[in-house]
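I opened the notebook to go through one model, entry by entry. Each entry records what I looked up and what came back.

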Amino acid sequence: MPAASLSPEVLAKYEPVIGLEVHVQLLTASKAFCGCANHFGSAPNTNICPVCLGLPGALPVLNARAVEFATLASLAINCQVRERSIFARKNYFYPDLPKGYQISQFDKPIAEHGYIDVPTADGGIKRIGITRLHMEEDAGKSIHDGFSDSATRTYLDLNRCGTPLVEIVSEPDLRTPDEAFEYLTRLKEILLYTAVSDCNMEEGSLRCDANVSVRVKGAERFGTKVEVKNVNSFRFVRLAIEYEIERQIEVIEAGGSIRQESRLWNAAEGRTYSMRSKEQAHDYRYFPEPDLPPLVLTPEFLEQRRAELPELPEARRARMIAEFDLAPKDAFTLTASREFADRFEAAARTARSPRRVANLLLSEVGGRLNALGLDQDQSPVSMAGIVLAADLLDQDKISSKQLKQLFDICFEKGEDFPAVYDREKPQQITDSSALEAMIDQVIAANPKQVEQYRAGKTSLVGFFVGQVMRASKGQANPALLNELVTRKLEG
Ligand SMILES: [Zn+2]
């Protein structure tokens, strides 16, 4: 097994080079070249017709919506869209591909030369090139298990045949498993914002292959690359790349050489297995698809797609940080989905302090949801409830301790914040004399801290405020308390 035997010094001698190929199913109502429903989960072999089965004489007709989505995705990842692209046949035999070829694009894809910017661990930005985005159709599915006779038979579900896909190929610009993970996260986020795909990895709407090689640092040429196929979560992509880097370094350190091959990730064992070597690899004999004319996109078509582009996550984060005074880390969480960002923004605009809404949403509510293993949309506390809580805090009408208690009740009883607040109406001590009595007690009990404070350590005011707040069971009015504590200590 690799990893364990490699010292950090050995690992540091090498530089990994990673490129990613991502297949994305487009969210059109019908398939790429016929009118069959493009729908996951239908009964097997019900959404099929002569065109997607490739029966003799059937002719493909290109789905205009698929072209719109592919163009939108291309623009969102900063690609140059080709005015004229060509569909090509990619020939190979496989039981789940009854046509014997896939309609794809080869040397003239719809889009090229794009990039996305990916945040790095040190807080910077790294630009990752995108070689191309091309359109193609999906194949059907071979089902190897789940049937009583699965040991001896394979079943075929051809519903997926002809599902519109785009394949997005990155430049070999990625250098670490973490960068690859970040790239995929940002790419998926962009695709979700443009709403061209649901990017559901469990259902196979987004699939990822990783090309991994290593070279001695400073070397000009890339090492021999290995393709890790069909990894079904971003976490596994990171693990598979990590494994593959270490495996390759170990082979080279032992005096061996890397075979160019495809490997499969086995999540249960946490390792990759050789699938086929390049010698056995397909020669796809690409040639232009004779049944489809070149795809020509007019300037007007491109203008319309450009106009449809939503504000993309990166731009949105930058604007929200500026507009709402958010911490960058919070901005990432808030913009993770367009829908969540929309809800937050709509709520934040009605609040006295949007930053406080973000804080409560992510820490108080988010923390409780995390602890219970719930999603945001399962939260008992609505956005409006969070706004009310934030405003009450902002106006010193409740203390943060009282707020925590109210949120606890919300989560215990599954009730929204406004209802709980109305019923519980936590009392605040705004009577100066009552607070002064408590402050006097705390001051009398902590002569050492009083001495330090009066010697100049004024930050200790927080200590006294905290003590009195605790004595008041969180009911002291924070602003009044602060003022009185300072006055007493000074006096
Ligand atoms: Zn069909």
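The entries below run from the overall fold to single residues.

**Entry 1: the chain as a whole**

I note at the start that this is a predicted model. I looked up the secondary structure of the protein chain and found 17 helices and 16 strands. Then I asked about its spread. The radius of gyration is 30 Å, well over the 23 Å that the globule rule gives for 491 residues, so the chain is more spread out than a compact globule. The C-alpha trace spans about 95 × 55 × 55 Å along its principal axes.

I also looked up burial. Of the 491 residues in the protein chain, 48% are buried. Residues 24 or more positions apart account for 69% of them.

**Entry 2: the zinc site**

Which protein atoms are the donors of the zinc ion? I found the SG atoms of C34, C36, C49 and C52, lying 2.3 to 2.4 Å from the ion. Along the chain these donors follow the spacing C-x1-C-x12-C-x2-C.

Next I looked up the geometry. The 4 donor atoms subtend angles of 101 to 114 degrees around the zinc ion, which makes the arrangement tetrahedral. Angles between 85 and 135 degrees are what four donors need for that label.

Are C36 and C52 buried or exposed? C36 counts as buried because its relative accessibility is 10%. C52 also counts as buried, at 4% relative accessibility. The cut-off for buried is under 20%.

**Entry 3: salt bridges**

I looked up the total first. The count comes to 45 salt bridges. I followed three of these pairs in turn.

E68 counts as buried at 18% relative accessibility. R65 is partly exposed, with a relative accessible area of 40%.

The second pair is R319 and E311. The closest N and O atoms of this salt bridge are 2.8 Å apart. R319 is partly exposed at 26% relative accessibility. E311 is partly exposed too, at 32%.

I then looked up what else these residues join. A network of salt bridges links E311, R316, R319, E323, D342, E345 and R349.

R423 counts as partly exposed at 44% relative accessibility. E415 counts as partly exposed at 22%.

**Entry 4: nonpolar cores**

Which residues touch the most other members of the largest nonpolar core? They are L20, I110, I168 and Y183, in a core of 76 residues. A second, separate core has 35 residues, including L334, M383, I409 and F417.

I followed L20 further. Leaving out residues up to four places away in sequence, L20 touches a list of residues that includes I168, V169, L174, Y183, L184, V237 and I241. S170, C208, D209 and A210 are also among its contacts.

**Entry 5: two loop residues**

Where is S205? I found S205 in the loop between α4 (177-194) and β11 (206-216). S205 counts as buried, at 4% relative accessibility. I looked up its contacts beyond four places in sequence. S205 is in contact with H23, V24, Q25, S197, D198, C199 and N200.

G270 was next. G270 lies in the loop between β13 (261-266) and β14 (271-277). With a relative accessible area of 28%, G270 is partly exposed. Residues up to four places away aside, G270 touches Y243 and W265. I also looked up a C-alpha distance. G270 and A240 are 30 residues apart along the chain, and their C-alpha atoms are separated by 7.4 Å.

Key:
Residues numbered from 1 in each chain as written. Predicted model: local features only at pLDDT ≥ 70, side-chain atom pairs only at ≥ 80, totals over all residues. Heavy atoms only, no water. Donors = N, O, S within 2.8 Å, 3.2 Å for Na, K, Ca; no water. Tetrahedral: all angles 85-135°; square planar, octahedral: opposite > 155°, others 65-115°. Buried < 20%, exposed > 50% of the residue type's maximum accessible area, 1.4 Å probe, protein only. Salt bridge = Lys/Arg side-chain N within 4 Å of Asp/Glu carboxyl O. Helix = DSSP H or I, 4+ residues; strand = E, 2+ residues; numbered from the N terminus. Contact = heavy atoms within 4.5 Å. Core = buried A, V, L, I, M, F, W, Y, C linked by side-chain atoms within 4.5 Å. Rg over C-alpha atoms; globule rule 2.2 N^0.38 Å.
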